[in-house]
Amino acid sequence: MLEAAQPQGSTSEPPWNTAIPLPSCWDQSFLTNITFLKVLLWLVLLGLFVELEFGLAYFVLSLFYWMYVGTRGPEEKKEGEKSAYSVFNPGCEAIQGTLTAEQLERELQLRPLAGR
């Protein structure tokens, strides 16, 4: 049923008719240009380091830098988001799809599931 009797501000869910503004074309082209310039700079530096015979070291250090930049810090975690590691979740709750030792044991020994 529709919840027309409740006032608009009493529900915790956002209204369905709110529009999320999409990034403008200028923003997308600016980010694309910046990304292109970064890749171009990296390639130029790679060429320079290859000439100096440090190309492999530059490439490996670049990979480590990309891995560092690509990881999220704990302050970027969203409210209510569960960790992939169950020990960090309240009550050690595992996320959906996690293979537990009990489930693996049941499947290997071909025991029926508890609820079936």
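Modeller: Before we start, helices (H or I, at least four residues) and strands (E, at least two) are DSSP runs, numbered from the N terminus. The model is predicted, with pLDDT of at least 70 needed for local features and 80 or more for side-chain atom pairs, while totals for chains, interfaces and linings use all residues. Residues are numbered from 1 along each chain as its sequence is written, and side-chain values use heavy atoms, leaving out hydrogens and water.

Colleague: Which pattern does the chain follow along the sequence?

Modeller: We've got three helices and zero strands here. Reading along the sequence, that gives α-α-α.

Colleague: How much of the chain counts as buried?

Modeller: Buried means under 20% relative accessible area, exposed over 50%, and partly exposed in between (1.4 Å probe, protein chains only). The chain has 116 residues, and the buried share is 6%.

Colleague: Where does E53 lie, and what is its phi?

Modeller: Most residues other than glycine have a negative phi. E53 sits in the loop between α1 (25-51) and α2 (55-70), and it is exposed, at 72% relative accessible area. Though not a glycine, E53 has a positive phi of about 65 degrees.

Colleague: And what is the phi of C92?

Modeller: Look in the loop between α2 and α3 (101-109) for C92. C92 isn't a glycine either, yet its phi is positive, about 55 degrees.

Colleague: How far apart are the end C-alpha atoms of residues 39-68?

Modeller: An unreviewed UniProt entry labels residues 39-68 "transmembrane region"; positions follow the numbering used here, feature names are shortened, and annotations may be inferred rather than shown by experiment. In the model, that span is 90% helix and 0% strand, and its end C-alpha atoms are separated by 17 Å.
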